[in-house]
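Open the model in your viewer and keep the selection tool ready. Each stop below tells you what to pick and what is there.

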Amino acid sequence: MQSFIRTAKKAVMEAGKLLRAGFLQRHVLRYKVRRYQAPVTDVDLASEGIIRSIIRHAHPTHAILGEEHGLVNGRHSSYLWIVDPIDGTTNYAHGLPLFNVTVALQKDGRTILGAVYQ
């Protein structure tokens, strides 16, 4: 369990650094057609990339479900990481400091860990 906690903490902290560095800067803002015109920025994509990389490096057999890129590593693992790279993209994109990075881990469909960087 300690290695999972270390991974989750590292993932949200590294993504949080990226969000802090890009806050109040101009971002490319697009809208996801599939989800009620939900906004997505270049930082959403980069944040999820950082998180995925950290998880894959630490736990290469685990599945990852991210808001921006969907499911990776399929359903063959009993472990599933769930990632929201910027929870509050609209706020972030408009300079409102009310957003966070969220990562959770499930084992066999049961949530066993969560980490939030606000």
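**Stop one: a hairpin and its strands**

Select β3 and β4: a hairpin joins the two strands through three residues. Strands here are DSSP runs (E, at least two residues), and helices are runs of H or I with at least four residues, numbered from the N terminus. This is a predicted model, in which local features need pLDDT of at least 70, side-chain atom pairs count only at pLDDT 80 or more, and totals for chains, interfaces and linings use all residues. Residues are numbered from 1 along each chain as its sequence is written, and side-chain values use heavy atoms, with hydrogens and water left out.

Stay on β3, residues 63–66. Its pairing with β4 (residues 70–72) is antiparallel, over three bridges. Two strands count as paired if DSSP finds at least two bridges between them. Pick Gly66, and you will find Gly70 of β4 as its bridge partner.

Pick Ala63: Leu80 in β5 stands opposite.

**Stop two: a nonpolar patch**

Select Leu65, Leu71 and Ile82. Together they make a nonpolar surface patch of about 200 Å². Patch residues have over 30% relative accessible area and no salt bridge; like charges are joined within 9 Å, nonpolar side chains (Val, Leu, Ile, Met, Phe, Trp, Tyr) within 5 Å. Areas come from the Shrake-Rupley method with a 1.4 Å probe, and for residues only the protein chains shown count as cover.

Leu65 lies in β3. Buried means under 20%, exposed over 50%, and partly exposed in between (1.4 Å probe, protein chains only).

**Stop three: the salt bridges**

How many salt bridges does the structure hold? There are three. A salt bridge is a side-chain nitrogen of Lys or Arg within 4 Å of a carboxyl oxygen of Asp or Glu.

Go to helix α1, residues 2–22. Select Lys17 and Glu14, whose side chains meet at 3.2 Å, N to O. The two are three residues apart, about one helical turn. Lys17 is partly exposed at 43%, and Glu14 is partly exposed at 31%.

Move to helix α2, residues 42–58. Glu48 and Arg52 are four residues apart there, about one turn. Their closest N and O atoms are 2.8 Å apart. Both residues are buried.

Finish at Asp108 and Lys107, with closest N and O atoms 3.2 Å apart. Asp108 is exposed at 57%; Lys107 is partly exposed at 31%.
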